[in-house]
Amino acid sequence: MVQPKLIIHGGAGSSIESKGGIDQVRKALYSVLEKIYPLFAQGISATDIVVEGCRLLEDEPLFNAGTGSVLQSDGQIRMSAGLMNGMTQSFSGVINISRVKNPIDLAKVLQDSMDRILSDHGATELARELQLPIYNPLIDRRLNEWVEERQHNFTREMANVVAEPARTGTIGVVALDTAGRLAAGTSTGGKGFERIGRVSDSPMPAGNYATSEAAVSCTGIGEDLIDECFAARLVVRGTDGLSLKDALDRSFAEATQRKRDFGAIAINSTGQIGLGKTCDVIVAAYHDGEQIGDSIEMEKGTQVLVI
């Protein structure tokens, strides 16, 4: 049996404004790890672990996914999610879906579909077919952000992580199970105040990718991640023989040179856990079977960590 590994994230950006914010975020992340990690002992697959972890993170109002998602420029919430099973190398996802609680659930259903990525109307029709209850993910903080930003004609630059206005924000889970299977899932409420119809990196291989060799979930500026095709690039480098550390170092050095703004979490088939960032903060935490740790207070700027 393989020692299972788990890493999760709750966004990336410029800062967590207060020590109280840090403590609150750490508590939320650790709570998810403590609930999910024991499921490995029951033989639950990496894909199902990822889905359950994403659901818990989507339900946490601190993060920009599911409940707590940001509003787009027209005042509506549209969410996206991607899921990839590394063993079958199958990607599924939904794009810009509204009025559901957990977009990752729809991505999971689509793993067994001939049509594995659905956008707005198609995703909504699937939710109806599944008889999912209508759910409003709006919270007061996000509504107040939108009202304030509307006064600035949606032009103000913002990139704080938690409990503050957000231009970046995603949740993600990467898992290696006891059978050595890898999976990755990513879910987002978008960057906030964006043009209607904008698509994030989360339901794309640029932001979420897995094979039998490695799995990656990304967070940050979606357009930067798409331009780099970052998750897929990182996985391919590991598959082609680079160590996780070397793949992260090389990929984040390139991203820094091109002035990209994002972070990523990863696990490879040997059980190494890794993360990296070009931004100031990536809100991530991991469980390696012996201890829980996090990246919340890493030094600013480009950093890579492998456990």
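**Exercise 1. Locate leucine 132, and state whether it is buried or exposed, or in between.**

Leucine 132 sits in the loop that links helix 4 (120-129) to helix 5 (140-151), where helices (H or I, at least four residues) and strands (E, at least two) are DSSP runs numbered from the N terminus. The model is predicted, so local features need pLDDT of at least 70 and side-chain atom pairs count only at pLDDT 80 or more, while totals for chains, interfaces and linings use all residues. Residues are numbered from 1 along each chain as its sequence is written, and side-chain values use heavy atoms, with hydrogens and water left out.

Next, the relative accessible area of leucine 132 is 31%, so this residue is partly exposed; buried means under 20%, exposed over 50%, and partly exposed in between (1.4 Å probe, protein chains only).

**Exercise 2. Work out the strand order of the open sheet, and identify its edge strands.**

The open sheet has 8 strands in the order 4-3-2-6-5-1-11-12, and its pairing is mixed. Its edges are strand 4 (117-119) and strand 12 (292-294), each of which pairs on one side only; two strands pair if DSSP finds at least two bridges between them. From one strand to the next, the twist averages 10°.

**Exercise 3. Describe how strand 2 is joined to strand 6.**

Strand 2 (residues 79-85) and strand 6 (residues 182-188) run antiparallel and are joined by 6 bridges. Within this pairing, alanine 81 stands opposite serine 187 in strand 6. In general, strands of a sheet pair through backbone hydrogen bonds, either parallel or antiparallel.

Terms used: Axes fitted to C-alpha atoms, helices over the stretch in contact; angles between N-to-C directions.
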